[in-house]
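Reader: Hi! I'm new to reading protein structures, could you walk me through this one?
Author: Happy to, let's have a look at it together.

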Amino acid sequence: MQPVISFFPVGNGDMSLIRLLDGTAILIDCRIRLAADDPSDPDARDVAKDLRDRLPRDDNGRPYVDAFLLSHPDEDHCCGLRRHFHLGAAEDYADDSKPDEEKKIFIREMWSSPIIFRRKSKLHVLCEDAKAWAAEARRRVKLFREQGWASEGNRILIMGEDKDGKTDDLGAILIKSDDVFSRINGATNNYFSARLLAPSLVCDDEEEIDLRAKNRSSVILNFEIWATPVGMNRYRFLTGGDAEVDIWERLWERYEATPDVLEYDILETPHHCSWRVLSHDSWSNYGEAAQVSAGARAALSQARYGAKIVASCKPIVEGDGDPPCTRAKREFEAILDPVDGKFVCTGETPHTWAPAPIDIDIAAGGPRLREPRTATAAAATAAAAAPRAGCGD
Ligand SMILES: [Zn+2]
């Protein structure tokens, strides 16, 4: 299949899906709200259906992802996990006789930041979905520690080392900062690689585990995706959860001499196009007088020709606070200007009043934005595909 990355309109949150050449599915975060959960957004698009429409089915007819990366355990990145995904032993999957739309999504392998292993504290508060993720991750790690291996549906990779040697015995399931890996669901995949850029050793004091620390623990991966089987045309997708300015400054210090590591063809703006990604000065206090961090901007400026930057957030409106922030958008547009790139926002595409998923095809010639499937276009396609009356059948 044509590799594709889909970004779903989930407001200020993240949910994106990579499908590789061989159909392998990698989900990054999820935010599937019940419309009823969110009175300010009663007409929220049915992104659960959008996601399911793009997922493969296995031999048992189960919708599945080969890997589910949770960038960090905040609600806007894991909402809907318990409702839509199977958690618990793979053998206990109980939905095989249900209709397709009611089947929980099977997670063949979890990819998780080690921060979820931190003890609960007053400041380290997790929502119910994040707690469920943490419990499932612990179950899978325990199984690996006991058996030294795990089967499909019980697998996990930990993205980054934890402090005090807590992750030292994880061996085969630990991806260390700066590692480049192609492993997924227990095998090497020929159609992608990914470099783990963060977190690098999570070492904050327990007391510092607050919201900012959680954002600091965001997994940052730079994927390289094969557009063609021979691997001549590979394109980069840089994604970094809610990582903020200090992390990007640190990455620039580390890679200033080898900026190729940070190059991208597609960037998902960290933290929903927040100003906090590019500056230490708060937008509400400083406004236009706020200073851009040269290091953070440099780290996020390694755009290749024709690059796309996707902001996963609500519509970006002047005077509407942060995130998303109009000035952050302007900075990203300035980064794209010299490379003839394009900035898109999930909350505005194709319309602010009716956003639809953004699908970016990873074509041989480079990433290409697909025409959105609007309601009108879907109706036209359905009408064209419908059998005509009176044709004798
Ligand atoms: Zn977020």
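Reader: What do strand 16, helix 6 and strand 17 make?
Author: In this predicted model, strand 16, helix 6 (residues 245-255) and strand 17 make a β-α-β unit, and it is right-handed.

Reader: Do tell me about the two strands there: in which sense do strand 16 and strand 17 pair, parallel or antiparallel?
Author: Strand 16 pairs with strand 17 (residues 264-268) in the parallel sense, over two bridges. If you want a spot to look at, Leu238 stands opposite Leu267 in strand 17.

Reader: And how many residues of strand 16 are buried?
Author: Five of the six residues of strand 16 (residues 234-239) are buried, so this strand is largely enclosed by the rest of the structure.

Reader: OK, and what about strand 15 and strand 16, parallel or antiparallel?
Author: Antiparallel this time: strand 15 (residues 220-226) and strand 16 pair over six bridges. Phe223 has Phe237 in strand 16 as its bridge partner, and Trp226 has Arg234.

Reader: What holds strands together in general?
Author: Strands of a sheet pair through backbone hydrogen bonds, and they can do that in a parallel or an antiparallel way.

Reader: Back to strand 15 then. How many of its residues are buried?
Author: Seven of its seven residues are buried. Both faces are covered: Ile220, Asn222, Glu224 and Trp226 lie on one side, with Leu221, Phe223 and Ile225 on the other.

Reader: Which strand is joined to strand 15 by six bridges and runs antiparallel to it?
Author: That is strand 14 (residues 192-198). Along that pairing, Phe192 has Ile225 in strand 15 as its bridge partner.

Reader: Let's change topic. How many residues does the largest nonpolar core have?
Author: The largest nonpolar core has 67 residues, and those with the most contacts inside it are Leu51, Trp111, Met159, Leu221 and Phe223. Helix 4 (residues 128-147) gives the most to this core, with seven residues.

Reader: Leu221 again! What is Leu221 in contact with, leaving aside its neighbours within four places in sequence?
Author: Its contacts include Leu69, Trp111, Met159, Phe181 and Phe237. Ala194, Arg195 and Leu196 are also among them, as are Leu238 and Thr239.

Reader: And the second core, which residues does it include?
Author: The second core is separate and has 39 residues, among them Ala243, Ile247, Leu278 and Ile335.

Reader: In which sense do strand 8 and strand 9 pair?
Author: Strand 8 (residues 109-112) and strand 9 (residues 155-159) pair in the parallel sense, over four bridges. Ser112 stands opposite Ile158 in strand 9.

Reader: Last topic, the backbone. Where is there a cis peptide bond?
Author: One joins Ala198 and Pro199, with omega about 5 degrees. Pro199 lies in the loop between strand 14 and helix 5 (211-216). The peptide bond from Asp322 to Pro323 is cis as well, with omega near -10 degrees, and Pro323 lies in the loop between strand 18 (303-311) and helix 9 (326-336).

Reader: What is the phi of Asp29?
Author: Asp29 has a positive phi of about 65 degrees, although it is not a glycine. Asp29 sits in the loop between strand 3 and strand 4 (30-31).

Reader: Is Asp29 buried or exposed?
Author: Asp29 has a relative accessible area of 1%, and buried means under 20%, so Asp29 is buried.

Key: Residues are numbered from 1 along each chain as its sequence is written. This is a predicted model: local features need pLDDT of at least 70, side-chain atom pairs count only at pLDDT 80 or more; totals for chains, interfaces and linings use all residues. Side-chain values use heavy atoms; hydrogens and water are left out. A nonpolar core is a set of buried Ala, Val, Leu, Ile, Met, Phe, Trp, Tyr and Cys residues joined through side-chain atoms within 4.5 Å. Buried means under 20% relative accessible area, exposed over 50%, partly exposed in between (1.4 Å probe, protein chains only). Contact means heavy atoms within 4.5 Å. Two strands pair if DSSP finds at least two bridges between them. A crossover is right-handed if, with the strands pointing away from the viewer, the path from the first strand over the helix to the second runs clockwise.
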